[in-house]
Amino acid sequence: MNYNYHTHTARCRHASGTERGYIERALSAGITKIGFSEHIPLDFADGHDTAHRLPVAEETLYFNTLRALREEYRGRAEIFIGYEVEYYPLYFKEQLRHARELGAEYLILGQHYIRNEEYFEKSTYAPSDSEEDFITYTDTVIEAMETGLFTYVAHPDVFSFTGDSSLYIREMRRLCEAGKRLDIPFELNFLGIRQGRRYPNERFWQIAGEIGVPVTFGFDAHDEAAAGDVASLPRAMEIVEKYHLNYIGEPKLVLLQ
């Protein structure tokens with residue numbers, strides 16, 4: 001494994017370390033294709049700030065810092081600059097326009113909230129038995145994939161659904177079938193492995209293996225050490241082998257035009 005396109009920085013306000021530190025750690029672990037995918041800024045209509053993404057005021061510094069480092073490390077590393085994005089239909093068109101203006105090169109989809117993040121209790125991390133919310137999550141991710149703008153879906157198994165198991169299977173089959181039809185990779189997330197989170201969710205990956213959706217890996221690095229998290233690779237490969245996943249290796253970047 002010589003790639004990772006899921007990297008955050010201290011600028012998102014829930015990570016640590018410097019961009020240079022991430023690059024150096026990645027290189028020391030043999031990672032030569034490095035994608036920075038900071039949480040995209042968002043100006044909400046009511047003016048609130050969620051404090052878990054890149055502030056609008058730091059966008060230019062984010063891009064300028066990484067562009068300078070890309071030149072400095074040219075020949076040693078390929079550095080790409082993008083965003084991790086929740087797909088909110090109410091805001092996505094404007095976010096996309098702004099990302100293109102700044103020169104963002106790629107997007108990954110990380111659906112941490114639903115319904116345009118109007119209600120903070122609708123976090124996909126929070127255990128929920130709401131069938132309506134779970135179906136909305138599936139519908140939203142599929143709609144996002146159908147835009148053709150995302151390189152891959154980060155932690156597609158993030159929704160902590162505690163309700164009816166037959167509904168879980170139905171909706172996650174629907175999600176995986178869409179990913180296969182659209183040929184969009186799903187990320188097996190190393191942050192979940194190294195922190196012992198409830199994802200990777202093996203119930204999900206069993207379905208993914210049955211459907212044959214393409215699968216890639218992402219470190220989801222929020223500190224310098226995680227930028228070279230090859231220690232999680234054996235566990236990831238165990239899951240690949242156990243569920244006969246369609247692991248494609250490095251994903252093909254969908255470049256923003």
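Trainee: Are Phe190 and Phe219 buried or exposed?

Mentor: The model is predicted, so local features need pLDDT of at least 70 and side-chain atom pairs count only at pLDDT 80 or more, while totals for chains, interfaces and linings use all residues. Residues are numbered from 1 along each chain as its sequence is written, and side-chain values use heavy atoms, with hydrogens and water left out. The scale is relative accessible area: under 20% is buried, over 50% exposed and in between partly exposed (1.4 Å probe, protein chains only). On that scale, both Phe190 and Phe219 are buried.

Trainee: What is the angle between the planes of Phe190 and Phe219?

Mentor: Rings of Phe, Tyr and Trp (its six-membered ring) pair if their centres lie within 6.5 Å; planes under 30 degrees apart are stacked, over 60 edge-to-face, and the rest tilted. Phe190 and Phe219 form a tilted pair, 5.4 Å centre to centre, with an angle between the planes of 35 degrees.

Trainee: How many residues apart in sequence are the parts that this pair ties together?

Mentor: Helices (H or I, at least four residues) and strands (E, at least two) are DSSP runs, numbered from the N terminus. Phe190 lies in helix H6 and Phe219 in the loop between E7 and H8, so the parts tied together are separated in sequence by 29 residues.

Trainee: Which residues of helix H8 are buried, and within what arc do they fall?

Mentor: In H8, residues 233-242, the buried residues are Ala236, Ile239 and Val240. Glu241 and Lys242, on the other side of H8, are exposed. The arc is that of the directions from the helix axis to the C-beta atoms. Seen down the axis of H8, the buried residues line one face of the helix, because they fall within an arc of 100 degrees.

Trainee: Which elements are among those that cover the buried residues of H8?

Mentor: Contact means heavy atoms within 4.5 Å. The cover includes strands E6 (186-189), E7 (214-218) and E8 (246-247), together with helices H6 (190-195) and H7 (202-211).

Trainee: Which residues do ring pairs link into a cluster with Tyr137?

Mentor: Tyr137 is buried, with a relative accessible area of 1%, and Phe159 is buried at 5%. Ring pairs link Tyr137 into a cluster with Phe134, Phe159, Phe161 and Tyr168.

Trainee: Which residue lies over the face of Tyr168?

Mentor: A charge sits over a ring if NZ of Lys or CZ of Arg is within 6 Å of the ring centre and within 35 degrees of the ring normal. At 3.6 Å from the ring centre, the residue over the face of Tyr168 is Arg203.
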